[in-house]
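Biologist: I have a new model open. Walk me through it, starting with the terms.

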Amino acid sequence: MKIIGKTLYGLEKVLAEELASLGASNVKALNRAVAFTGDMRTLYRVNYCCRTALSFLAEISDFRIKTARDLYSEASKIRWDDFLSEKKTFSVVPVVNSPLFDHTHYPALVLKDAVADYFRKKNGIRPSVNTGDPDLVINLHISHDQVTVSLDSSGLPLFRRGYRAEQIAAPINEVLAAGILKIAGWNAASPLADLMCGSGTIPIEAAMIAAGIPAGRTRSSYGFQRWRDYDENLFSDIKLTEEKAATEPGISIYAGDISAEALRIARANASRAGVESYIRFEEADFAKSSTPEPGLTLVLNPPYGERLRDENSSAVYSMIGTTLKHRYPGCSAWIIAADRAAVNSLGLRPSSKHVLFNGSIECRLLNYKMFEGPARQRSG
């Protein structure tokens, strides 16, 4: 089975590595996606375990077309009753980049007609389209004359883990949080802290990684559970196997924030994720903090937009830079920065830079090595 794992820009490499570790074959990184092959066990497992994917599309047909009319005739050849019944509902999500079509929505209508007419001709009854909560989501991808038809096996995007019932303004995406930890090379072998934790997403994802808890453990459902060939016993076996592999972390994970309300929300989310006991929460002002342990990995998502309130971003970044230089010797600090202009106020030279997106917001993930002694204040 050919499968596409969709992800955020900048996370293609880490997703490819994660998929390979989960048993995927023929893994190839693309733009905002990773292609691979696997069987139904692989498809179920990556949905349940993968931390850096947004969704997984299982290919059911691919073909070339010369005219717009060819789309209907070729799509009508697909054995739709293998995936859907006339009593179920479906929707089509189009991604179209082709001179054969004037706009994206027309090919989606053509595919909808092909599916509906397939059942009407065979059984006299056509399934209904439901864009709100369909039983089957069909992905239509057209690039020039190449058409790929896939089924969305995930349903709701996989960043919807299920543990974040509450959040502060401008929260970080769960997939992005996990991706940052992987880019940072953090593998639960050293202590980790997020002392501007907001809703707690970064420390929660870290605790889940450290404990070997699957990303989907608190999620209620997946798209593949509505498929005609859904194997409940297979999925139960996968979940049981992963649950047996979970263990208590052997390192410290710290979560702090100056806002008592943010910390309350972070605790509640951690509780829903089943990792509250693995995280040390503390209401604290980062400017007055210091490294709690040697060899610390520090990950910060400084506030911006609504979260800045009356402060300005340059002042916040200046404070962060000063605190890192004087209070965090020997620390590896990773900062996800949405305000590129304010980064200069850190007064530090990054050892690496990565371009990422938090939703539609372009960010920079910057790494700063805080050395012991005079070198720790090295600046740019």
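Modeller: Two strands pair if DSSP finds at least two bridges between them. Helices (H or I, at least four residues) and strands (E, at least two) are DSSP runs, numbered from the N terminus. This is a predicted model: local features need pLDDT of at least 70 and side-chain atom pairs pLDDT 80 or more, while totals for chains, interfaces and linings use all residues. Residues are numbered from 1 along each chain as its sequence is written, and side-chain values use heavy atoms, without hydrogens and water.

Biologist: Fine. In what sense do E10 and E11 pair, and over how many bridges?

Modeller: Strand E10 (residues 253–257) runs parallel to E11, with four bridges between them. Across that pairing, Ala 255 is opposite Phe 281 of E11.

Biologist: Which helix packs there, touching E10 and E11?

Modeller: Helix H8 (residues 260–273) touches E10 and E11 (contact is heavy atoms within 4.5 Å) and packs on the sheet. The direction of H8 makes about 165° with that of E11; axes are lines fitted to C-alpha atoms, for helices over the stretch in contact, with angles from 0 to 180 degrees between N-to-C directions. Helix H9 (residues 313–327) also packs on the sheet, where the contacts are with strand E12 (297–300) and strand E13 (332–337). Between H9 and E13 the angle is about 175°.

Biologist: And the sheet with seven strands: what is the order?

Modeller: The order is E11-E10-E9-E12-E13-E15-E14, in an open sheet with mixed pairing. Strand E11 (280–283) and strand E14 (352–358) are the edges, each pairing on one side only. From one strand to the next the twist averages 20°.

Biologist: Now the sheet with eight strands. What is its order?

Modeller: Reading across, E2-E3-E1-E4-E8-E7-E5-E6; this sheet is open and the pairing mixed. Each edge strand, strand E2 (25–29) and strand E6 (128–129), has a single partner strand, so one side of each lacks a neighbour in the sheet.

Biologist: How many bridges join E2 to E3?

Modeller: Three, and E2 and strand E3 (residues 33–37) run antiparallel. Lys 28 has Ala 35 in E3 as its bridge partner.

Biologist: Which strands does H2 lie across?

Modeller: Helix H2 (residues 40–49) lies across strand E1 (2–6), E3 and strand E4 (55–64), at about 135° to E4. H4 lies across strand E5 (89–97), E6 and strand E7 (136–143), at about 145° to E5.

Biologist: How many residues lie between E7 and E8 in the hairpin?

Modeller: Two, and in the turn His 144 has a positive phi of about 60°.

Biologist: Changing topic. How many residues are in the largest nonpolar core?

Modeller: That core has 49 residues, and Leu 19, Phe 56, Trp 80 and Ile 138 have the most contacts inside it. Helix H4 (residues 105–123) supplies the largest share, seven residues. A separate second core has 41 residues, including Leu 8, Leu 181, Ile 202 and Val 275. A nonpolar core is a set of buried Ala, Val, Leu, Ile, Met, Phe, Trp, Tyr and Cys residues joined through side-chain atoms within 4.5 Å.

Biologist: How many aromatic pairs does the structure hold?

Modeller: There are 14 (Phe, Tyr and six-membered Trp rings pair with centres within 6.5 Å; planes under 30 degrees apart are stacked, over 60 edge-to-face, the rest tilted). Tyr 222 and Phe 224 are stacked because their ring centres are 5.3 Å apart with the planes at 10°. Phe 224 and Phe 235 form an edge-to-face pair, 5.1 Å between centres and 90° between planes.

Biologist: What does that pair of Phe 224 and Phe 235 tie together?

Modeller: Phe 224 lies in the loop between helix H6 (201–211) and helix H7 (232–245), and Phe 235 in helix H7, so the pair ties together parts eleven residues apart in sequence.

Biologist: Why does Phe 224 count as buried?

Modeller: Because its relative accessibility is 0%. Phe 235 is buried at 2%, and Tyr 222 at 5%.

Biologist: Which residues do ring pairs link into a cluster?

Modeller: The cluster is Tyr 44, Tyr 48, Tyr 222, Phe 224, Tyr 230 and Phe 235.

Conventions
Buried < 20%, exposed > 50% of the residue type's maximum accessible area, 1.4 Å probe, protein only.
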